[in-house]
Structure formats: structure tokens, C-alpha cells
Amino acid sequence: MFGEGIIQGLVETARNFFGSYVDKDRLVTVQYPEERHQLPEATRQFPFLLYDGADPEAGLRCVSCQICEKECPPQCIHIEKSKDKKPDFVGKLQFYPAVFNIDVSTCMSCQICVEVCPFDAIRMDNQFELSTSNRFAGLLYTKPELAKSNEYYRKIHPTEAAECDERRAKEAEEAKAKAAAAAAASAAKAAQAAATSPAGAANGASGNGTASTPVEQPAGKKPVTQ
Amino acid sequence: MRTTLPFLILAVLTLAGGVAAMTLRRLVHCALCLTVAFAGLAALYLNLGAEFAGLAQLLVYVGAIAILIVFAILLTRGGDDKAEPSFSPAGAAGVVLAAAVFAVLGWAIVTSGILHQAANPAAPPAPMRSIGLALMQRYVLPLEVIALMLTAAMIGAVILALREKRPQPEQDQRSAQ
Amino acid sequence: MTGVAELERRVEAGEDGLGDILEVSMGPHHPSTHGVFRMDVRLEGEKVVRLKPVFGYLHRNHEKIAEHGAYLAAIPYTDRLDYLNSMTNNWGYVLAVEKLAGIPVPERAEYIRVIVAELSRFQNHAGLVGFLLQDMGASGTPLMYAFREREKILDLFESLSGARMMCNYMRFGGLRVDCTPAWLEEVRQLVSGLPKFVDEFEALLRGNEILMARTQGVGVLPRELAINAGVTGPMLRASGVNYDIRKVDHYGVYDRFDFRVPLGDHGDVYDRYMMRILEMRESLKILQQAVRDIPGGPIIDPKTRLRGLRPKAGEAYGRIEAPKGELGFFLISDGSTIPCRYRVRPPSMINLTILEDMCLGHNIADVVVILGSVDIVLGEVDR
Amino acid sequence: MTALPTAEDLKAQIEAGVPGAQVTVIPNASPSAQHSLLLDHEHAPAVALFLRDHPDLRLDLCTLVTGVDWLDTETTEKIKVKKVVPGPVGAGIEQEVEETRKTKIPGYLEAVYHLFSMEKKHDPPAMPVVLRLRTANRIDQTHVPSLTPVWRSCEFQEREAFDLYGIVFDGHPDLRRILMWDGFEDYPMRKDYVPPADDSLASLPFASLQRASTKEAR
Amino acid sequence: MNPLAACLLVSALLFAIGLAGALTRRSAILVLAGIELMLNAANLNFIGFWRFGPHPEELTGIIFVIFAIAVAAAEAAVGLALILAIYRHARTSDVSEITEMKG
Amino acid sequence: MTLPAPTADQIWVWIKDWLVFHTPAPFQPLASILCIVAAIIVVFASLFALTVLLERKGLGRMQNRYGPNRVGPFGILQPIADAVKSLTKEDIVPRSADHVVHYLAPLVLVAASFLAYAVLPIGRNMTAVNLDAGVLFFFAIGSATELAVFMAGWSSRNKYSLLGAMRAIAQMVSYEIPLILSSIAVVMIAGTLSTSAIVDEQARYTHGIAHWFVFTPWGLAGFILFMIAATAETNRSPFDLPEGESEIIAGYFIEYSGFKFALFFLAEYIEMFAVSGLGITLFLGGWSSPVSFLAWIPSWIWFFGKLLALICCFIWVRGTLPRLRMDQLMNFAWKFMLPMTLFVILSAGVWRFLPATIAGSGALGAVVRWLVCAFIVLLPYVTLARALESGRKIEKREYRFAE
């Protein structure tokens, strides 16, 4: 009780004082607007909608199945299904969202929409500077604001995007093979048309009229590890 | 040697403080005005060249007694507004008595003739060293007596202000649960 | 000390002379109530003669929300209970669901759960000690040191789960994503550096005479009262009760690790403070072993239905040792996809039960310190 | 570590230890197998004390107290009754007709207590002893005895059950609202709770996004 | 005006103010304050006589004032402690209400 | 009258004399006073700005942060930004407050704080008023601040502010005693109450080393006690109970905002400089240099250098220590500080009357004197520390673990 504890504390703060000038481990502050933290790949902020190719309207992966809308814990997603259909990447005709809104002010960035989406259509963005002077309309993101290209996705989450692309390529391949087999069995004209559709993640063949069955939501495929 | 302007200003300040202290409604205001009076007196002492006395006055009266009074006011709930009857016969008698005392004193001063007498040449301000020496040599006995009395007063005040032991009330109910 | 009953009578009777009783409402906005929390305090001088905790300012009926959504949808909400420890909250909830639905968990997932939970415990305790000393007036220095290390742990959480605080990482049957070897290496490196931080932290204030004078003998919680009042966590162990759910329940894979449970003898604020520091060291020990022994394999049981889980009608109570105490979840299923009853046992709310008992007779400055040592997070108290 | 007696054993022990106590075992079909004991109101505090102080049980930690709301349920069963049916010619013919009969089971509120022993640390470890107290109905007879005198830890949680479910705990030292404000009228955790119309969310422009109940949408 | 006379007049006036206050006010604390003012008035006299008296080098006036201040401090401490004790007992500091000596 | 040639040491004196010299004769005394007052206000107000910046930067670095670095290069314009902010903020006065007293309190506080500088020798020939009873003046003026604090706390009509004011007054009154007693040792040895004379007494050199009182055992102990009491007197951490942010939020100035709040803030720092300045004057040789070969550095640089060093110590302590509790604070004042200062006075007395030479050896005499006086101070320190430990039941604890 002679004040040695106090002295020890003073020595400790002095060490930190001088240490902060020489030791990078001590002075850890990132001077935010000028310096920026390297965001980890896993970083998630708010959802966005993926589209393939160049046209956000045509390439939008979302088929308006409304699973995310149902599963969203804070109920911040609002979808209205389209009247008509357009073909998806494997050429199947699907609905698309006529309206797709996300209320970012309510969204709690939980990523559950991404997990439950069977179509790889919704993903998490890493943009966090979303402040706006309009607290209502400014934070209600509509389809044009939400749609981001697959290239962008590859840029912000490279590993995840590569996995996703691979999976989709495989699926497209299988679908193509299936379509080819079906076409070979039926008519040469249809097979020809199917062959024109580019492989990979690009937009499904336009004007493909083969698959006209109503939308079947693939039930089994569940993204376990994103 | 005439009465100087600073003296007059300080005298007015002191008297005003005193009057305010004795007449204001709120006790805390009274205490604050009393402090002004004390400080004014200290300044008067300084003005008259009694440096040590003035500073001692400031230290003791403003630093200690005023604080004591303020504490006493707060502890006796005097800080709250309490209406005091503005006029009472006893009060009027007090004022009359005080006025009479002043009349007597004033009459004595006026009739003594010093009013128009030429003043003695002002003394040089007392050097600190000589006050110290006086206290330690000529007045050492009174000094010791005063010291003893201060100690006694301090102990007495502490004993007075200590709370009487209240009978210990029953134990708290909650802990029994 | 004048008894409460006597003072109550005097206040009611208007005999509050001598400036005896001063009623102060500490909070809901007060620098040291750790959120919107209020204490109705009656003071005699500066001595507390009555103290009633008032809360609910942050109440958002978490349980009702969870009873409206699927089992999966409740997980992100548990993040927001004790928002400093989303990982352990997740774990408590998924443990209860796993019990309710009988879902097995792969071994690797259990190891990763231990790693993130212990990291969480470490940062919680470091932060708490910082806040406690801040409440004591230490100008934020210990708090800043604690936050410096906490940031490193949060960075790890972010690179694993995508978010720093609201991790939403665990799933019934396992985890959402696997960790990479690089991440484990980062954990290993961090864990090897953290003991130095704890040493520095202790050097800063452990032997400090002012700290000892402020905390020793203050807010004593007797052993029997602690047990009876259902106090759990470091607070209970500071009162000398050997009860750590990691040891008692053998949940997860805690059986496989060698660690000790620190116990205090006095049950005062100093003991509670030291419990946290000692537990930080034990957490580091567990972390070292977990990172060393982690097996390979899947991280989630492949048969688990995350979406549309329908447990058989019945109920289950699952609990874990969260940094603040026993965090339990009680679920009743009626066979549908939505929990019929969802209930959280919030440790910090129940630990508040004896706040008044600890504060009575102490100085108002002690109230702040005692409250700090309880370690409350209002998100969890109010839910 | 001593083994925790099964629910049936516990029932027998309680009935032996507390004369007159009526205990019903309520089985739990889920994999957790945490069966519970339904107590009668009159003997509940005595049973609680018995469980707390019994040398082999020492259930000193009452960890979780909560209310549960069970709505009125209707069971429909089809029974065959003989009835006179007007025949085509006017005369009644006695005929066997299938009729559905509805039996209404009145709902009730339930207070659930989860007990552990800090001293004994029973085996299996994570298995609580669950006590239940039921109110007579959901409307006016919502009283159950308070166990706060036995376990202090019930104090805030019983207040919470009172606050959110409206279960009145007789014998609770300080039964006030705890999470909702003092002037609040309703019990928000009840299944049939309807939020007041002047919900502040309704004024937000995007209230349309908020559906009234997720259940309906599902 | 002669400065000594001015001193004396100010002192007499202050004394009268203190006296009036001590006699008229009903708060015991203000009564004490009035007495303090009277003491101070006397001190001013001492200083005045020392300053303008025939033997300023003797310092008697100043020494007296210093002693008087010390006594006044003691008096204030004891007096206020008394007021506190009485207040605790009688629940008032109004001198007109404190009529009983018996405890 | 002619002016002496300006030297670096006397440059400010020269400038003042030059200014006064060029004013018309009847206004010369007034001009002189104005010069001094203006200089003190300008210098110490800018020191305040500098200190605030230093404090925030220093605390930041101690806490591994940058501190303010956004306004101007390295954040040096931060004090100006702070000043603009507090000047433009709304001045909120509680409706039930006593408006006059509420208004006066910060003014009285600032005025009293600034008055104390009148007797501080901030350089050779640079004492504003060379009072014979300078030290006494300092303490007499300092006691006025207590009243201002009370005025602020009482007039706000807030429970927290009243609690804060009561705390502050109790603390200031208690710590004034050790503050005065520890300076009495210096007054005893120097034989004067005049601050300039005390500095002159210390500005003598033997073997090139100054006769600072801090180099003696009683002086060192007295200096430490003086600085502890000064910390308490100026409500700095760890004695910042009157503000007690985490307990009573801001204490007596909780209801002040805008410029009045800034005045409280200013007064607090001004007081801190003043007390530190007195500490320098009494124990650290005022404006004198510690060794004779550095005496060419201007005296005012020495003074402000020492002042800055003390300020840094204040900041350092603030960045490290938690706050005491009220009863502990009082116990510390009466049970530790008061007896210790009495022993310091005793030690100073012994120092004064012990012979400087023993057996004809000056060196031996000096060593013996040093040791004896150190012993007189150390012995009660050890005893009191032990008593404090056993009385308060403070202990270092060991903990047990369950496997």
C-alpha cells in the first residue's frame, strides 16, 4: 500500500503513450475517410439482386418465387410477380419480379434471404455508405438500384462467386444435355435452336420456345454452405 | 489627508452588502450578500494598509465562515423559500433600537471633534516581518490562548454537530426473504 | 444505518427534515447505466437507502417476434439480445432447437462453436472490465485498451461470418459457413498474442490502491443469496459457488478441454472484476486447445432442414454458459414451423434481482460500480 | 453426481413428502424428453420448498420462469345420431345421420418453472425439473401462487409473466409491470393480443411492407 | 472629512445594521450573521485607530483584529453547530419558535 | 526616466515599460496595470487552449488513439473550433434556477481564478503585484472559488448539481489545509510570505546546483503533498468527484451550457495553472534554472517549461487513475495528508536547526542532515500506509480454481 500499484499503472500508461508512436500494434486506428480497412470477403451489408450479362432487366436471375419474402425475419422484402414469363439461364420460362423492393432501413443484414434463395439470385453487398438525406424513399431500394451484375459479384466475393458460377455452369450443362437429348429424340429443329444458346452463366437463349411447362420451383436444392 | 475615493466606494459596497444581508428574503441570498460585506471589509483593511489583517479577513470570513453559514443554511433546509412576515412589532422595535445606537455613536463621533481635526500622518503599512515578530514575542501568550480556544471550539463544534445515536430500527425485511 | 422501513415511513409522513432523504432518478439517460436503464434511488446524504431498478425502455418483445416467424428467422434476432455476444446467443438458441428436434451436430462444428464462443467471452470480459473501470472514473484508458483487442476479435468474426457483431452464424445442426485454415491460423496468432494484453491490463490497475479501495468490500453478494436469487455466471462464481455450465452440462465439446473455473471468496466487486480477468485467461487456454485439436469434416448435419423445420410437438430447455451467465432458451413446439412458445432466460436481467440488496447502505458512487460489475446489456434485459 | 429421479419417481417422492399434494406428470414427446410436473395451487409453495430443501434433490436454482398461453381449443368429432328426417311424402323417416359435434376446451395460462440443483449437479446434466402451474381460465381466474418466497430468482420473471401474460402471482412481494409501462392495459404476449390501432409504425410510408401477421401470409 | 472619522462612521453604521438584523430576523443563522457583522464593525474601528492613531508602529490594532478574527471563526463554528443541533431537535431554525430549553 | 537595454530575459518587462513610458503621465499607473492584466489574460488563456489540446492529444496517445487531428494540421486548431462551438451554443438556464446567482457564478469563479496570478512571479522582475504577503493572498483569493462553486450548484436547482457542489466544497475545504500546511514549511525556511522573495531564496547556486526546496527531503515530500492537494483543489482526476461524470454526471455545472460552461472549463484550467505555478514558486525555484550553466535561458521560459511539465503530469495521472470515493477522499485528506504535512513541517524545522557541518566536515553534515530529515518524513509515511492498509482491509488477493 505504498502507492506501488499506482506507480505501476503510471508506467503502463507511459509505455502505451510512447508505444503509440513506434508500435503499429498499439496505434490501431484507421483514419476512415482517407484510409480504409480491407473488407474481408465474407462481409455482408445489404442484399442485392444478381443479373447475368449486360442487361439488368433481361438477365435478372430472380424468378419471383417469393421465398425470401416469406423467410425474411424483419419482412423488409416486397415482391410482386410479373404477369408474363421470360426464359432463365437454362432456357426455362420463368416469372420475373415486376416489383422488387427492399426497405434497407428495416433490413438487418442477416443474410437469410441469400441462404434460402434456390436460384442464386440474391446476394449480400459490401457497400455500407448508404446514408441519404431522404430517410424514407432514399432507403427503399427498388429493382434498378438492387440489380448488380455478376461481374460485380465476382469482384466483391470472388470465392463464393466462383463456386456459384461453377454450379450454375454445371446445371446449365445438364439442362443443355437434357434438352439436347430431348431434342434428338424429337426434332432436329429444336436441337438446333438449343445449341445456339450460349453455355455458361450468360443469358439463356432468347426466343427459345421448347420449355413451356409452368414454373416448377426446384425444391431439393438447398444452399447449405451459401 | 482626506478620505479617498476607493475608501468611499468600498465603504458603500460593504454597507450595501450588510443591508442586503440583513433584509433579503432568501437565506442563501443573505449569505451571499454577507460574503460581499465581508469581502468589502477585507478590501477596506487593505486600503487602510493593514495587508495581513485584510488577507486574514478574506481567508477566514470568505473562505471559511461564509461556507459554514451556507452549509448551515442547506442543512437546516433554509435554502427553500420560506415566507417570513415582512413586518412585526418586535422587528420594528429592533430597528428603532439599532437606529438609536447609531445615533448615540454618531453623536459621539461628531461631537468628539475629530471630524474636522487634521489627521495624523498615515502610518507606513505594517511589514509582515514585524507582525510575525510581535505575534511571537510580545503577544505569544494570547496567541497560545487563542490557539487553545480554537482547538476547543473545533472539538466542541464537532461534538455538537455529531448526530445523536438513533435507536436502531428493525432489520430490513428484504433480506429475510 | 437507518432501516428502509423507518425511512419509508418518514418519507410518507413528510418528515424528511434534515435533508435526510433525497430522491434521485438515475437514468434512463445517465452516463453509467450502460444504456437506457433507470434506478430510483433514495439517498440519505450520499448513502443509498432504497434502490429500485426500472427497465423496459428497450423492450421490443423479442419473444413475440420470434413466435411469429420460423425457427430459422429467430436466429438473427438472438444476435440482438446481448448484442456484444451474438455468437453465444446463437449457440444457446440452436442448442435448444437441437434438443427440441433431436438434431445431431458434427464435431467440427462443435469445435468452431467453442472457438467463437470463447473469443466472444474474451471480448465481453475485456469490454466489461473496461466499462467497470470507466465507471470508476479511469478516463477511458482501460476501456480503450480493451476495445483495441476487442477489435481484433471482431475482425475475425467479420471475416468468418460477415458481420462484426450481429454474426448470425450458427444454425441448428451446425454452422452457416466453414472456417478456412487461414482463419484458424489467424485465431492461433491472435490467441498467442492476447496473454500479453491481459498482463498489461492487469499491470495497469490490478494492484492499484485506489481500485482496491473502491471495489473491495463493496457490493458483497453472499453465497446463499446468490444461489437463491438465481445469479449465474462470473457473478455467482465470485461469490464462491462452483457452477459453470460448461463443466456441469458438458454441452458441446467442453469436456475435451482442460480449463479451470476461478472462484472468489468475498463476492464483492473486486472479486467479480478478477473473475473476469481470470476467465479471460482460461478462455485463452481453451482456445489454444480448440485450435490445435479441431478435426475436419462437415460443419452441418446434411439432413437438417433449415427452412421449414417442423419439430415434433413438445418442449425443450437448452442452456449454455454465456459470458454473462446462464443463457437459456425454452421452446414449445406445436408441430408447426413456428415456435408456439419461445422464451429467453436472460442472465443479466436475473442478475439484476439482487442489485438493491448489494447497493443498500453504500455510497451513490458505489452504485455505479456495483451496477458495472453486474454486467448488464439492456438489449438482453429488456428484450 | 447423483442421478436425477424420473418424473414418475419425483411425483411419488413429492406425494410422499407433501401430504395432500396432487401432482400430474405431463409427458413431453419431443426428443428432449423433459417431462414436467403439474402442481395444484394449494400445495405448490410447499412442494417448491420440499424440492428446494430435500437433501437428495436440493433444487436450489430456479432458472427460468415463464408464462405460456394456451388458447381455447375446439375438438370436432363426428358422431352418428338418429334423427327424424322429413321424407319426400311428408312423413318423417328415422334415419341415421352423421353430425359433427364441437367440444370446446377452455384455454388457460400456465406458469412454467425450470429447476436445477447447483449443489447436487444431477445426472443427466442438462435435464431440468419442470414444474407447471395452470390457471383456471384465461379471463378472470388467472391466479397462481407465487414461488418467489422460495426462490428469489422468480421475482423479476414472475413480474414479467404478470406483465406480458396477465398471470397474477399471489404472494409475490412486488407484483408490478416490469417491461411495459405502468399505464399499459393489455397483455402483449397472449396469443390473441391485437396491437393498438394507433401503432406508430402505421404512420410510416412503407407500412404496406409490414404485413399484419406473418402467419396469414404463410 | 477626516479619514478616521469616516472609518468610525462606517463602522458605527455597520454595527447598527448588524444589530438591527440580529434583532429583527427570525432565522437563527441570520442572527448569527448579524452578530458577525457587529464584530466586523468593531474590527474596522481597530484598524482605523491603528492606522490614524498616534503609534502605528505598535501594531496593537492589527494584532487585535487578528485575534478577533480567530475568535469570530471559533464563534461561528460553535454557533452554527448549535443551530444545527437545535434544528435537529426542534425541526426549525426560527428563533421565535425555539421557546423551550427542555429536551 | 530612461529605459534599460532589452535583453531576452527582460524583454517583456522592457516592452511593458516602453508602453507605459509612452503614455501620458497621469495614466501611467493605469496603463501599467492594464498591460499586466492584459498580458496575464492573453498568456494564460492561450495556455488554456494549448493545454486542452495537449490533454486531448496526450490522453489519446495514452489510450492508443490519435486524439483530435481533424481541425488544422495535427488538429492544432481544435481549441479554436471548441471555442467557436461553445460560443455559438445556446445558453440554457433552467426555469426554476436562481437566475442572478446562476449568471454570476461562472464570472466570480473566473475572476477569482485570474486574481491569483497577481502574486505569481512568472519571470525575473515579472511579478504583477509584489505583495509582502503574497502566499497568503494566493490562498485568500483561492478560497473565493469555493463560494462560486456553491453558487453554481445551488442556483441550478438540480439534485445532481447540489450534490456536486456539496462534494466540491467539502473537498476544497479539506484539501486547502494540507495545501497551506505544506507551503508553511517553505515559508518557514524562506522566512518570508512574499513569492518573489521565496524564488530569490531558491535562485542561489552551490557547486552550480540551485537551492531549490524540492532538493531537500522535506521539500520533496512537501512538493508531492502539495501537488496531491493541488490536484484535489482543482478537481482533477483522481479527485474529480465534484464532476464525477459517471456518478453525478457533471456535478455543480451540470445545468450550464454554452459560454458559461466554457467559463467553468476555463476557470478549472486557470486554477490548475495557478496552483501549479505556486508549486513551482514554492518548491521548484520559480523562474530559476536548476543548474547555473543553464541560467542564460530566459527566466520566463524556465517558468513556463516547468508549468508545462507539471501539466503533463496532471494529464498523465488523469489518464491512469480511477476516481476515489467521497469518504475515502476525506479519509485521505484528514488521516494521511494532514499528519504528513505536519511531519513535513517538523522535518523542515529540524532541517533549519541542524548544524550544517559535523566534525568540521561540510559534506558529512549535509549527508547527516539529509538523512535525518528524510527519516522524519519517511517513518510516518510507512506507518500511515500500513495503517491505511490494515484499517481499510485492502489486500492483494489470491484466487482458487475448481477443475
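1. Salt bridges between chain A and chain F. In this predicted model, the count between chain A and chain F is one salt bridge. Glu34(A) pairs with Arg70(F) in a salt bridge, and the closest N and O atoms of the two are 3.1 Å apart. The cut-off for such a pair is 4 Å between a side-chain nitrogen of Lys or Arg and a carboxyl oxygen of Asp or Glu, so a separation inside that limit is counted. Side chains of opposite charge can pair when their charged atoms come close.

2. The rest of the contact between chain A and chain F. Eight residue pairs are in polar contact between chain A and chain F, with both residues at pLDDT 80 or more. By class, the side of chain A that touches chain F is made up of eleven nonpolar, seven polar and three charged residues. In terms of residues in contact, 21 of chain A meet 20 of chain F. About 1,800 Å² is buried between chain A and chain F, and carbon and sulfur atoms give 59% of this area.

3. The contact between chain B and chain E. Here 79 residues of chain B are in contact with 68 residues of chain E. The buried area between chain B and chain E is about 6,600 Å², with 77% of it from carbon and sulfur atoms. How many salt bridges are counted between chain B and chain E? The count is zero. Polar contacts are present, however: five residue pairs across the interface of chain B and chain E, both residues of each pair at pLDDT 80 or more.

4. Six named helices of chain B each supply at least two residues of the side that touches chain E: H1 (5–23), H2 (27–47), H3 (51–75), H4 (89–112), H5 (128–136) and H6 (140–161). Which helix gives the most? H3(B) does, with twelve residues. Sorted by class, the side of chain B that touches chain E has 59 nonpolar, 13 polar and seven charged residues.

5. Salt bridges in the whole structure. Over all chains, a search finds 82 salt bridges. One in chain C joins Glu279(C) and Arg237(C), whose closest N and O atoms are 2.6 Å apart. Glu279(C) is in helix H12 (residues 269–293) of chain C and Arg237(C) is in helix H10 (residues 234–238) of chain C, so this pair ties together parts that are 42 residues apart in sequence.

6. A sheet in chain C. Three strands of chain C form an open, antiparallel sheet in the order E1-E2-E3. Strand E1 (21–26) and strand E3 (47–54) of chain C are the edge strands, each pairing on one side only. Neighbouring strands of this sheet are turned by 15 degrees against each other on average, with direction ignored. E1(C) and strand E2 (residues 38–44) of chain C are joined by six bridges in the antiparallel sense. Met26(C) is opposite Met39(C), a residue of E2(C). Strands of a sheet pair through backbone hydrogen bonds, either parallel or antiparallel.

7. A sheet in chain A. Chain A also has an open sheet of three strands, in the order E4-E1-E6, with mixed pairing. Strand E4 (122–124) and strand E6 (147–149) of chain A are at the edges with a single partner strand each, so one side of each has no neighbour in the sheet. From one strand to the next, the twist averages 50 degrees. Strand E1 (residues 47–51) of chain A pairs with E4(A) in the antiparallel sense over three bridges. Which residue of E4(A) is the bridge partner of Leu49(A)? The partner is Ile122(A).

Key:
Residues are numbered from 1 along each chain as its sequence is written. Chains are lettered from A and ligands numbered from 1 in the order in which they are written. This is a predicted model: local features need pLDDT of at least 70, side-chain atom pairs count only at pLDDT 80 or more; totals for chains, interfaces and linings use all residues. Side-chain values use heavy atoms; hydrogens and water are left out. Two strands pair if DSSP finds at least two bridges between them. Helices (H or I, at least four residues) and strands (E, at least two) are DSSP runs, numbered from the N terminus. Axes are lines fitted to C-alpha atoms, for helices over the stretch in contact, and angles run from 0 to 180 degrees between N-to-C directions. Contact means heavy atoms within 4.5 Å. Buried area is the accessible area (1.4 Å probe) that two parts lose on being put together, summed over both. A polar contact is a pair of N or O atoms within 3.5 Å; within protein, one must be able to donate a hydrogen and the other to accept it, and residues adjacent in sequence count only if both atoms are side-chain atoms. Ala, Val, Leu, Ile, Met, Phe, Trp, Tyr, Cys and Pro count as nonpolar, Asp, Glu, Lys and Arg as charged, and the others, Gly among them, as polar.
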